[in-house]
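Biologist: I would like to learn how to read a structural model feature by feature. Please take me through one.

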Amino acid sequence: MTDWSAQDHAWMARAIRLAREGLFSTDPNPRVGCVLVQGDERVGEGYHVRAGEGHAEVNALRMAGERARGCTAYVTLEPCSHQGRTPPCADALVRAGVTRVVAAMVDPNPQVAGRGLERLRSAGIRADSGLLEAEARALNPGFIRRMESGRPWVRLKLAMSLDGRTAMASGESQWVTGSAARADVQRLRARSSAILTGVDSILLDDSSLTVRGAEAGFSTAEQAAVGARQPLRLVLDSQLRTPPGARILQQPGRTLIVTCLNDSAAQAPLIEGGAQLLCLPGIDGRVNLAALLDWLGREQCNELLVETGATLAGALVAAQLVDEIVVYMAPKLLGSAARPLLELPFEQMAQQIPLQVEDMRQLGADIRFTLRPQYSQQASLQQQPTQEPL
């Protein structure tokens with residue numbers, strides 16, 4: 001185990017802060033930061049801004065110039081060793097004359113997976129990893145999940161009253177939470193590769209599911225960058241009930257209607273309305289949710305944000321496909337006739353799903369909980385029939 005110094009910790013912490021600057025723009029690449037240090041002086045730093053442009057190490061080396069020779073590089077992810085859209089960063093560090101590299105974590109990409117560090121060591125550079133690894137992993141849950149399992153990180157966003165209700169019996173739901181919570185949801189959207197909803201949400205709310213940078217509190221420059229990269233929007237619609245004039249079909253970026261109904265006559269009005277159709281296998285007349293996640297993984301989707309009603313949300317949790325739940329709780333009571341948070345057909349205490357609290361904070365009058373489901377090894381309830389097809 002490497003004996004890290006206080007200086008090592010401080011410079012890696014700086015690299016992690018830099019990596020966060022790419023939170024909304026690097027997709028489908030990971031968020032990475034790099035700091036170059038000569039003695040106790042920072043001579044260069046950089047972060048990966050967007051796919052196809054320079055990686056963090058290259059941007060830091062450009063800033064340092066000749067002063068990079070003999071320095072230590074602190075980078076939040078193992079330098080790449082393969083040729084992608086840009087040349088290998090490990091080779092760039094070797095050419096620059098860096099003598100030591102500290103990586104927070106090994107790259108989970110099978111094309112790298114330790115080869116970058118070995119490339120550095122073979123060139124006589126001291127290369128170690130593991131410093132502030134937990135913090136580095138938290139930067140890229142989706143990239144890591146996709147590299148390790150072929151599926152995206154699934155984040156389920158829910159908003160509820162104090163009595164656990166999400167909408168009135170009629171479907172009326174605007175607004176359960178306040179403006180601060182709604183701004184936070186915009187930031188969740190901005191960091192996501194894709195946003196998934198169910199057709200019932202479209203029929204009830206006519207949602208657009210776009211990122212609204214001004215509402216999120218972004219600067220003018222951030223708004224322009226985020227607006228140019230709207231996440232892929234997906235509507236789970238097994239029976240093709242989405243209206244061709246729905247607002248979600250008129251927004252910038254791509255909207256995909258996900259169905260298991262292979263009926264060209266039913267699909268035609270939606271295609272004319274601007275939608276793209278994805279037909280996947282079905283189970284009992286409903287889209288196979290696991291097949292959808294597999295498809296998204298192949299499409300390089302890192303983080304999937306789910307914004308939907310109780311039926312689809314419950315189906316994903318019951319199938320043990322949700323990695324993280326973000327709940328915004330408003331200090332209000334909607335009453336026992338209002339709609340529940342999730343539809344989960346549990347009948348026994350043994351079926352309960354414990355939740356690990358990762359974070360809890362106040363946003364205006366509301367409270368945001370970030371939770372991780374602690375699934376047991378029992379068989380999931382994936383694809384159990386519900387009253388309405390999704």
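## Reading the model

Modeller: Leu-209 is buried, with a relative accessible area of 3%. The model is a predicted one. Leu-209 sits in the loop between helix H8 (199-205) and helix H9 (213-216).

Biologist: Is Asp-284 buried or exposed?

Modeller: Asp-284 has a relative accessible area of 62%. Exposed means over 50%, so Asp-284 counts as exposed.

Biologist: Which residues are joined by a cis peptide bond?

Modeller: Asp-27 and Pro-28 are, with omega at about 5 degrees. Pro-28 is in the loop between H1 and S1.

Biologist: How should I read a strand by its side chains? Which residues of S9 point one way and which the other way?

Modeller: In a regular strand the side chains alternate between the two faces of the sheet. In S9, Leu-232, Leu-234 and Leu-236 point one way, while Arg-233 and Val-235 point the other way. Strand S9 (residues 232-236) is mostly covered, five of its five residues being buried.

Biologist: Which strands pair with S9, and in what sense?

Modeller: Strand S8 (residues 194-198) runs parallel to S9 and is joined to it by five bridges. S9 also pairs in the parallel sense with strand S10 (residues 255-259), over four bridges. Leu-234 can be followed through both pairings: it is the bridge partner of Leu-196, and its own partner in S10 is Leu-256.

Biologist: What is the strand order of the sheet of nine strands?

Modeller: That open sheet has the order S11-S10-S9-S8-S14-S6-S15-S18-S17, with mixed pairing. Strand S11 (276-279) and strand S17 (355-363) are at the edges; each has a single partner strand, so one side of each has no neighbour in the sheet. From one strand to the next, the twist averages 25 degrees. S17 and strand S18 (residues 366-373) run antiparallel and are joined by eight bridges. One of the pairs there is Val-357 with Leu-371 in S18.

Biologist: What is the order of the five strands in the other open sheet?

Modeller: The order is S2-S1-S3-S4-S5, again an open sheet with mixed pairing. Its edge strands are strand S2 (41-47) and strand S5 (126-129), each pairing on one side only. Neighbouring strands are turned by 15 degrees against each other on average, direction ignored. Helix H1 (residues 6-19) packs on this sheet, touching strand S1 (33-38), S2, strand S3 (72-75) and S4. The direction of H1 makes about 145 degrees with that of S1. Helix H2 (residues 56-64) packs on the sheet too, in touch with S1, S2 and S3; its direction makes about 140 degrees with that of S2.

Biologist: Which residues does Ala-19 touch?

Modeller: Ala-19 lies in helix H1 and is buried, with a relative accessible area of 0%. Leaving aside residues up to four places away in sequence, Ala-19 touches Arg-31, Val-32, Gly-33, Tyr-47, Thr-76 and Leu-139.

Biologist: What is the volume of the second largest pocket, and which element gives the largest share of its lining?

Modeller: The volume is about 960 Å³, and H5 gives the largest share of the lining, five residues. The lining has 32 residues; Ala-138, Arg-155, Arg-191, Glu-324 and Arg-372 lie nearest the centre. The classes are 14 nonpolar, two polar and 16 charged.

How values were computed. Residues are numbered from 1 along each chain as its sequence is written. This is a predicted model: local features need pLDDT of at least 70, side-chain atom pairs count only at pLDDT 80 or more; totals for chains, interfaces and linings use all residues. Side-chain values use heavy atoms; hydrogens and water are left out. Two strands pair if DSSP finds at least two bridges between them. Helices (H or I, at least four residues) and strands (E, at least two) are DSSP runs, numbered from the N terminus. Axes are lines fitted to C-alpha atoms, for helices over the stretch in contact, and angles run from 0 to 180 degrees between N-to-C directions. Contact means heavy atoms within 4.5 Å. On a 1 Å grid over the protein atoms alone, a cavity is a set of points where a 1.4 Å probe fits but cannot get out, and a pocket is an open set with protein on both sides within 12 Å along at least five of seven lines; lining residues have an atom within 4 Å of a point. Grid points are joined across faces, edges and corners, and a volume is the space filled by probe spheres set on the points. Ala, Val, Leu, Ile, Met, Phe, Trp, Tyr, Cys and Pro count as nonpolar, Asp, Glu, Lys and Arg as charged, and the others, Gly among them, as polar. Buried means under 20% relative accessible area, exposed over 50%, partly exposed in between (1.4 Å probe, protein chains only).
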